Amino acid sequence: MALPIDIHGARQNNLQNLHLTLPSHKLIVLCGPSGSGKSSLAYETLFAESQRRFIDCLSAKSRQGMPQPEKPDIDSITGLPPALCLEQNVRAIPGNVLLGGITEILDYLRILYAAIGIPHDPDSGVELIRKSSDQIIDELLSLPEGTRLVLMVPVGALLHQDLQATLGDFLRQGFLRLFWAGEVRDIEELSAETTVPGDAALVVDRLIIRGESSASRLADSLQTALRINEDEVRALVMLEQGSEVLCFHTRYRNPETGYLLPKLTPKHFSYFSPQGWCMECKGTGKSESGEICEHCHGSRLSALAEAVTLPLATGEFSLSELLDLPLEELGSVLLSLHIPESLGSALRPLMSEVEKRIRFLNDLGLGYLCLSREANTLSGGELQRARLASQLGGGLSGVLYILDEPTAGLHPADTERLIRALYTLRDLGNTVLVVEHDEQVLRAADYLVDMGPGAGVFGGQVLAQGTVDELVRLSDSPTGQWLSGHRCMPVSCPSSFSDWLVLRDACKNNLHHIELRFPLGSLTCISGPSGSGKSTLVRDCLIPALKHDFSYEGRQCRRVENSAELDRLVFIDQSPIGKSPRATPATTTGLLNVLRPLFAQLPLSKQRGYTSSRFSPNVRGGRCERCLGTGVMEVDMNFLGRALLPCDACHGACFNRETLEVTWKGKSIAQVLAMSVDEAYEFFASVPKARAILGCMKEAGLGYLNLDRRAQSLSGGESQRVKIATELAKIPQSYSHRGIERTLFILDEPTTGLHFHEVELLLKAIFRLRDVGHTVLCIEHHRDLLNAADYLVDMGPGAGKHGGYIVATGTPQEIRANPNSVTGSWLH
């Protein structure tokens, strides 16, 4: 029986000396507010310690050049199995990695194409032919009884290297004759020859065809010939009307042009290899101008690779054509593949792996994707599910799998599929640890660990642990209180709708010329299965049309009905809040612009002549010039890449010593920016402008966040909420000559990474935007947000080609009652 994972004295980051026991071979969910220590426990303690132990087990030679991870701040962990972390980090994936590579299916398909693919001439498209050993034997045995033949092998290339030495080698090996200039001659007669004729061939055997009785000798002689020249053998056949030389090519060739195909290997189908990549774009799929490569048309592969096909029920497919099929089609198409009996033992296990991985990808709701999709264009949730499918296909057991919010971007129906996949992983004999907030996953867990009570220094504790039934009875468990129904989400109180925004004939990607209508001055959510067309409708159709309407030309000919009722469009997605290494929540929200004048007005600043720019990390004078105000230094680790280390001059403060001498209430600008939002909210209680911005950040559920967090270290959900807080802070100043500057806010899954209480805060923030006259449009799956919406647009009914329709519209109550709605049955 597997031992439980016993954790004693965990103090990593904000963990408060935790002691807990996690059961093995169970689905365990870590829940709690953002910043409460879930990731510190899962990734920086359990996974980091497992990784450290693995590296320690390697030999000293193997460890050379590998980064040596530090031991987490912990007393002891027992029962810890090997751990695998399935991350959502899309940014770390190179642009030339495809979904097929992430899942390893592409590696199997390369072997398959090299083994049984049908090659064609890259120039003419003519199918190339070759003869197998069995075919050659069958053709020779079919000659009339008593036919005399001489089996030969071309050796011109060998003779050209060193004629006399090669002839001597043939004699020593027992060969006595050569076919030379149209006749059979003894090798000894050729000692005076200096030039090699084009038909030079070594005589391997002379025999008379006696039907099947000649088969064994012919097979042995043929194998001898192919060991000397694996590409071609010849037979001099003696007929009544004369002799004839028959040529048998064992490599693919075009009989009309003589084009000879090299022996195919998996490298010929890899765009990472010079043998397989397109010679023009070197496997990038794009030319130097950034456009699609004209030679390979984006497939990345050479003309040779593109000319090899697999015969399937619906036609012949090159590798790139097969990769372009949606996964839901690919599985059924591959079932029709015929594998030659001679290769069955080698290729059937390979096909089993391919079919298994495709099945898991479809089971996880990714059937609308294709294997040619670039991995860095996937959402974090899609990437994590793809990696999960690969692990399910691998069939490992005795492993600790750690997943970070695998339901991100999932419709409730797709979440049910995910849960079944997690159960499968568990039932293989693994422990599955999930950091998650989704109610469906929480209720499906075998064991819950509820962390909190707050974030940062106010978190790091285990408030409750046990089964779902146990947690809902515990008043100390915030998560249990939400699951039991003791705490509820705020209810929307919308006014009646008057004006509607209308986009007609949306037809990008899988959209079927649909019409989008939603009320102005409302909270509208677009729901539907993953891949049903929600993002296409909003990102590729609505936003470009509105941008056109806001331009000078667009005002004359509008594409969106009633777009004149809007003054501004703000798209708030999960992209980083800034590209600069100095971008932080304080700079993005405008808080630093409030604090800099505050510090510039202090007595010491006036005495020294400091202006507000002195307290900016972007400007010379006050910033640390060693790190240019970033607080970190990039260290080149040669082949290990670059590492970020705290600046040895300012020690991460970003400012120089003279600037840090200026303090307000005993705190320097660096110390203030190192505070969390909650701490700064209390600290700046007497500064209305700063308190207003910080209050908006608290409203968006960011109370735990440090003001100086680097933009690159924020999750997608955190980045999005910082942007929401920035817009909330503008509400008092957002007035034009007509009153409020009416804005359409478009949010892409804003609940990602949020606990129930944080969703409650987010809803209140969104209601605030709506109640002052703005319009909010969300792409969303979270049931609580859908239930709180004023209006829903439900898309479906499926994904990919099965989606692209608006199947239901109306209030949440109307959607629940609509039998056509894919989402209605999940609302409550």
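Biologist: What makes the span of helix H1 (residues 38-57) close to the expected one?

Modeller: H1 has 20 residues and reaches 28 Å from its first C-alpha to its last. The expected span is 1.5 Å times one less than the number of residues. For H1 that gives the expected 28 Å. This is a predicted model, where local features need pLDDT of at least 70, side-chain atom pairs count only at pLDDT 80 or more, and totals for chains, interfaces and linings use all residues. Residues are numbered from 1 along each chain as its sequence is written, and side-chain values use heavy atoms, with hydrogens and water left out.

Biologist: Where is the kink in H1 centred?

Modeller: On Ala 48, with a bend of about 30 degrees. The bend is the angle between axes fitted to the seven residues ending there and the seven starting there.

Biologist: Why are helix H11 (residues 327-334) and helix H12 (residues 344-363) called roughly antiparallel?

Modeller: Their axes cross at roughly 150 degrees and come within 9 Å. Angles under 35 degrees count as roughly parallel, over 145 as roughly antiparallel, 65 to 115 as roughly perpendicular, and the rest as oblique. H11 and H12 are therefore roughly antiparallel. Their crossing is left-handed: the near helix is turned anticlockwise from the far one by less than a right angle, whereas clockwise would be right-handed.

Biologist: Which residues of H11 and H12 meet?

Modeller: Leu 327, Glu 328, Leu 330, Gly 331 and Leu 334 of H11 meet Met 351, Val 354, Ile 358, Leu 361 and Asn 362 of H12. Contact means heavy atoms within 4.5 Å. By class, this contact has 7 nonpolar, 2 polar and 1 charged residues. Gly counts as polar.

Biologist: Why is helix H26 (residues 688-699) called oblique to helix H28 (residues 756-771)?

Modeller: H26 and H28 pack at about 125 degrees, with axes 8 Å apart. That angle makes H26 oblique to H28. Cys 696, Lys 698 and Glu 699 of H26 touch Leu 761, Leu 762, Ala 765 and Arg 768 of H28. The classes are 4 nonpolar, no polar and 3 charged.

Biologist: And how do you know that H26 is oblique to helix H27 (residues 716-729)?

Modeller: The axes of H26 and H27 cross at roughly 135 degrees and come within 8 Å. The two helices are therefore oblique to each other. The crossing of H26 and H27 is right-handed. In H26, Ile 693, Cys 696, Met 697 and Glu 699 meet Ala 725, Leu 728 and Ala 729 of H27. That contact divides into 6 nonpolar, no polar and 1 charged.

Methods
Axes fitted to C-alpha atoms, helices over the stretch in contact; angles between N-to-C directions. Helix = DSSP H or I, 4+ residues; strand = E, 2+ residues; numbered from the N terminus.
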